[in-house]
Amino acid sequence: MNDYVKALFQAYYREIQLEKLMPRDLPKRELGFILPDKKGMIRHKAFADTKDYKAFLLQNVPVHVYYSATLYNSPWKDRMDLKDYIGCDLIFDIDCDHIETPCKQEHDGWVCKGCGKKGGGKPPVACPECEGMSFDEKSWLCDKCLAKAKTETLKLVDDFLIGDFGLPPDNMDIYFSGQRGYHVHLEKEAFRRMNAEERREMADFITATGISLSSIGFLVKSPSITGFTMKDPGWRGKIAVNLLHLLDRIDIDGNVPLLAKEVQDLLRKNKEILKKRLLANDPNWSLEGIGQGYWNRILEYVVRDTKCEIDVPVTIDVHRLIRAPNTLHGKSGFINKKLKRDELDKFDPFNDAVAFKGNDERIKILNDVPRFRIEDKTYGPFKKDDIETMSLGAAVFLMCKNLGVVA
Ligand SMILES: [Zn+2]
Ligand SMILES: [Zn+2]
């Protein structure tokens, strides 16, 4: 982090209100920091109150700030077995890294460390040129990737946490991570008591792990096929509801990506009768031309479209450090912003999470930069050694990524 950015971060921590900075039950949590010019993470810190915590932030100006989702009686002790575990918030993480988006081919890339071969998107298992398995990876964040992450977060909150688990929206805090996704925190006592296996069961349900059609009662007794109704509990009902949505989409969009055209044509042919049965909660899914093979393909698609792409290890790990509320992300200059459910729909990370808004800066570009947007302005693509004028938020964004310096 250069001195220019450091001064801005310090000003941010000087001005922030204490209650915004306050994680619930702060004294029971372990804090971790990545500090400028220091290697590794400073861990096992604990603070009696938010004033001390804020003083630490002001004095050290961390690049990243983390806190434990876990509560301990002695969070400052440097061995996990001595910390005296009390409980752990239930956390869900939705990260662009785990979600496929077509734009990654354009803005992400890899270079083989063995032979220098380059490619777009995620690196292959082995280099097609030299079979080397070590790559330099480059990833970028764009509107489309973050929009997809938001869609997944809405799915998690509305369909699963509220819909399936019946949790009230005011039980959950949603955070924009400050860079590549969203976190959902549940901090009530009942969640904190959940053990790792119980968390895994919840995560498996949300990610549809281990679901097979026969295991949830899809019945084929040729020629009759018995499916599900929208009133059924769990995945049975979810599949029926989303099959109905699929039928509507086939009509409106004409072509649904990732579903073979022949399958769509069959569904279109049977659309009216299937819709009628779904709406009447009739599980009779015997239809002309759609045998078990086709049903498998249709329902695989529906399940893939219905499940939610959470990062499972984050949910089941009861000793994980996560980014602290309303702190700054050192790789973007964005705020780890806390949101309520009704704020999420309109939330625009490239505007609402930008911490620094102000006069234009002249920036020297240090390496190639793909297109990006900050507030209502789009910048780039830039080439190395270009000199560009941009808003303070855009300048900080590039400086945090070591892609620019004040000219
Ligand atoms: Zn290679
Ligand atoms: Zn993208």
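A nonpolar core is here a set of buried Ala, Val, Leu, Ile, Met, Phe, Trp, Tyr and Cys residues joined through C-beta atoms within 7 Å. A residue is buried if 20 or more other C-beta atoms lie within 10 Å of its own, exposed if 12 or fewer, and partly exposed in between, with C-beta atoms placed from the backbone. The model is predicted: local features need pLDDT of at least 70, side-chain atom pairs count only at pLDDT 80 or more, and totals for chains, interfaces and linings use all residues. Residues are numbered from 1 along each chain as its sequence is written, and chains are lettered from A and ligands numbered from 1 in the order in which they are written.

**Figure 1. Domains and overall content of the protein chain.** The domain assignment, which is automatic or from a database, gives domain 1 (1-103 + 143-208 + 310-355), domain 2 (106-138), domain 3 (214-306) and domain 4 (358-407). The centres of domain 2 and domain 4, taken over C-alpha atoms, are 26 Å apart. The protein chain has 15 helices and 20 strands; helices (H or I, at least four residues) and strands (E, at least two) are DSSP runs, numbered from the N terminus. Of its 407 residues, 35% are buried.

**Figure 2. The largest nonpolar core.** This core has 70 residues, of which Leu-156 and Val-396 touch the most other members. It lies between domain 1 (1-103 + 143-208 + 310-355) and domain 4 (358-407), because both give residues to it. A second, separate core holds 15 residues, including Leu-243, Leu-274, Leu-278 and Val-302. Leaving aside residues up to four places away in sequence, Val-396 touches Val-5, Leu-8, Gly-333 and Phe-356; contact requires C-beta atoms, placed from the backbone, to lie within 7 Å.

**Figure 3. The open sheet β8-β7-β9.** The 3 strands of this sheet pair in the antiparallel sense, and strands pair if DSSP finds at least two bridges between them. β8 (118-120) and β9 (135-138) are the edge strands, each pairing on one side only. From one strand to the next the twist averages 20°. Strand β7 (residues 109-112) is joined to β9 by 4 bridges, and Cys-112 stands opposite Phe-135 in β9. In the loop between β8 and β9 is Glu-131, which has a positive phi of about 65° although it is not a glycine. Glu-131 counts as exposed, with 11 C-beta neighbours inside 10 Å.

**Figure 4. Strand β16 and its two partners.** In a regular strand the side chains alternate between the two faces of the sheet. In β16 (residues 361-365), Glu-361, Ile-363 and Ile-365 form the covered face, while Arg-362 and Lys-364 form the uncovered one. β16 runs antiparallel to strand β19 (residues 387-390), with 4 bridges, and pairs in the antiparallel sense with strand β20 (residues 404-406) over 3 bridges. Lys-364 has Ile-387 as its bridge partner in β19 and Val-405 in β20.

**Figure 5. Packing of helices α9 and α11.** The axes of α9 (residues 261-269) and α11 (residues 292-306) are 11 Å apart, at an angle of about 100°. α9 is therefore roughly perpendicular to α11. Axes are lines fitted to C-alpha atoms, for helices over the stretch in contact, and angles run from 0 to 180 degrees between N-to-C directions; under 35 degrees counts as roughly parallel, over 145 as roughly antiparallel, 65 to 115 as roughly perpendicular and the rest as oblique. Val-263, Leu-266 and Leu-267 in α9 meet Tyr-294, Arg-297 and Ile-298 in α11.

Definitions and conventions: Contact = placed C-beta atoms within 7 Å.
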